[in-house]
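Here is a walk through one protein model, feature by feature. Keep the structure viewer open while you read.

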Amino acid sequence: MAIPKGLEINNIVGLFLLLGIAILSSKVAECAPFGSRRGLMETVFDVTKHGARPDPTADSTRGFMMAWRAACQSTGPAKIVIPPGTFTTGETIFQGPCTCPKPIIIEIQGTVLSNTDISLYSRASWISLEHVDGVVITGGGTLNGQGNASWQYADKSGSAPPLPISLVFQTVKSSSINGINFVDSKGVHLKITDSNDITVSKIKITAPATSPNTDGIHISETININVTDSNIGTGDDCISVGHGTTNIFVNNIHCGPGHGISIGSLGKRPDEKDVTKVYIKNCTFHSTTNGARIKTYMDSSPLQVSDVVYEDIVLEDVKNPILIDQHYNSKNKVEPSKVKLKDIHFKNIRGTTNSKAPVSLNCSEAAPCEGVELADINIAPSGTTGPLQGATCQNAKTVFNGKTNVPACK
């Protein structure tokens with residue numbers, strides 16, 4: 001039976017309409033995988049379309065910065081993609097403020113190498129995010145600082161400028177980084193400063209135990225930050241909390257090798273600000289020089305550290321499991337530290353140590369520690385360490401609670 005002409009034409013038109021809708025839907029799905037951004041189509045800014053080359057011998061700095069500029073200045077949702085491959089850049093600055101809707105996504109799929117020529121870095125940083133609100137860094141890729149070519153120039157005295165930090169958040173708000181690998185930074189791997197509402201999760205940081213000043217994460221002058229579910233092994237602190245920080249939550253971190261998770265050093269500069277509400281929970285330290293540590297400089301200006309909790313900590317062959325050191329840099333200074341430590345809690349800390357002195361609370365004679373609590377401390381000697389000594393407490397008002405196998409301060 002023949003199909004009437006009108007009906008046949010209508011069916012053909014309908015078919016083309018359906019095909020058009022299907023194609024459009026697939027394009028929308030390809031360009032806008034994040035449906036949470038008010039359903040707007042997302043524009044992808046691939047760094048290779050802006051001059052970057054997946055060739056480790058080529059300089060892709062300009063391509064990265066041009067892709068950022070285009071994304072930042074766009075009017076619709078934007079995602080910067082660093083595709084698979086190996087790229088090399090020197091000093092790279094991603095600066096705001098941006099006009100595109102939040103969040104602006106940086107998806108690192110490949111490996112980015114830091115140029116080994118340290119004369120290229122005028123600001124002691126490799127990649128910087130500055131004055132940006134709402135950035136998401138993700139993708140599972142790697143930032144390799146190639147620090148082994150520069151560590152010989154590290155200044156351990158602190159008088160010379162530090163080696164470049166791999167990634168800096170400077171004046172950044174409501175942003176996150178997750179699923180990124182950091183390898184062999186020249187200096188600190190990740191620094192977060194003058195920022196607020198930052199989330200760091202599921203990152204991996206790797207550098208040799210002998211690499212100098214390669215802190216995993218350093219935080220200063222920052223409010224509301226969560227650092228969770230990450231593995232950090234470096235030649236310095238796995239995480240260091242600097243001055244001016246409030247509401248810091250650290251959870252489920254595996255630290256080692258390294259110098260533990262530290263508050264400080266504090267009091268080196270005259271204009272430093274107080275530290276308060278730091279909660280470090282459910283962390284494991286493996287073969288680190290320290291576990292839970294607070295350190296302040298001698299001859300410091302007055303400031304205060306308060307409301308600090310280290311809780312549910314597992315130790316595996318740690319040298320100094322619990323340490324307050326307010327005589328840091330004592331070889332070069334005579335006047336005592338004026339940093340006041342108040343309401344400091346070490347709770348449910350258990351495991352092994354290779355030192356006979358598992359607890360050392362060496363507080364300042366000018367500003368004695370107040371409200372220090374040790375609760376449910378169960379530390380055993382590892383290997384041939386031998387019997388442990390009791391807690392050493394100097395200028396520290398300390399309370400022991402719960403079941404604690406470390407003898408109280410004498």
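## The second largest pocket

Helix 2 (61–72) and strand 4 (92–95) each put at least two residues into the lining of the second largest pocket. Helices (H or I, at least four residues) and strands (E, at least two) are DSSP runs here, numbered from the N terminus. Helix 2 gives the largest share of that lining, six residues.

About 180 Å³ of space lies in the second largest pocket. The search works on a 1 Å grid over the protein atoms alone: a pocket is an open set of points with protein on both sides within 12 Å along at least five of seven lines, a cavity is a set where a 1.4 Å probe fits but cannot get out, and lining residues have an atom within 4 Å of a point. Grid points are joined across faces, edges and corners, and a volume is the space filled by probe spheres set on the points.

One caution before going on: this is a predicted model, with local features needing pLDDT of at least 70 and side-chain atom pairs counting only at pLDDT 80 or more, while totals for chains, interfaces and linings use all residues. Residues are numbered from 1 along each chain as its sequence is written, and side-chain values use heavy atoms, with hydrogens and water left out.

How many cavities of 30 Å³ or more does a search of the whole structure find? The search turns up one. The largest cavity holds about 80 Å³ of space, and its lining is made of Ile82, Phe94, Ile106, Ile108, Ile127, Leu129, Ile137, Leu143 and Leu167. That lining splits into nine nonpolar residues, no polar and no charged. Strand 5 and strand 7 (125–133) each bring at least two residues to the lining of the largest cavity.

## Parallel strands

Strand 5 (residues 104–108) runs parallel to strand 8 (residues 135–138), and four bridges join them. Strands pair here if DSSP finds at least two bridges between them. Across this pairing, Glu107 stands opposite Thr138 in strand 8.

Strand 8 is also joined to strand 10 (residues 165–178), by two bridges, and these run parallel as well. In this pairing Ile137 sits opposite Ile177 in strand 10. Ile137 also belongs to the lining of the largest cavity.

## Aromatic pairs

The model has five aromatic pairs, where rings of Phe, Tyr and Trp (its six-membered ring) pair if their centres lie within 6.5 Å, and planes under 30 degrees apart count as stacked, over 60 as edge-to-face and the rest as tilted. Take Phe249 and Tyr279: their ring centres are 5.8 Å apart and their planes at 55°, so the pair is tilted. Phe249 in strand 18 (residues 246–255) and Tyr279 in strand 20 (residues 275–286) are 30 residues apart, so to speak linking distant parts of the chain. Phe249 is partly exposed at 27% relative accessible area, and Tyr279 is partly exposed at 29%. Buried means under 20% relative accessible area, exposed over 50% and partly exposed in between (1.4 Å probe, protein chains only).

The rings of Tyr297 and Tyr328 have centres 5.2 Å apart and planes at 80°, so this pair is edge-to-face. It links distant parts of the chain, with Tyr297 in strand 21 (residues 290–297) and Tyr328 in strand 23 (residues 320–328), 31 residues apart. Tyr297 counts as buried at 14%, whereas Tyr328 is partly exposed at 27%.

The peptide bond from Gly96 to Pro97 is cis, with omega near 5°, and so is the one from Lys102 to Pro103, with omega near -5°. Pro97 is in the loop between strand 4 and strand 5, and Pro103 is placed in the loop between strand 4 and strand 5 too.

His259 carries the UniProt feature "active site" (unreviewed entry); such annotations may be inferred rather than shown by experiment, and UniProt positions are given in the numbering used here, with feature names shortened. His259 lies in the loop between strand 18 and strand 19 (261–266) and is partly exposed at 25% relative accessibility.

Conventions:
Nonpolar A, V, L, I, M, F, W, Y, C, P; charged D, E, K, R; others polar.
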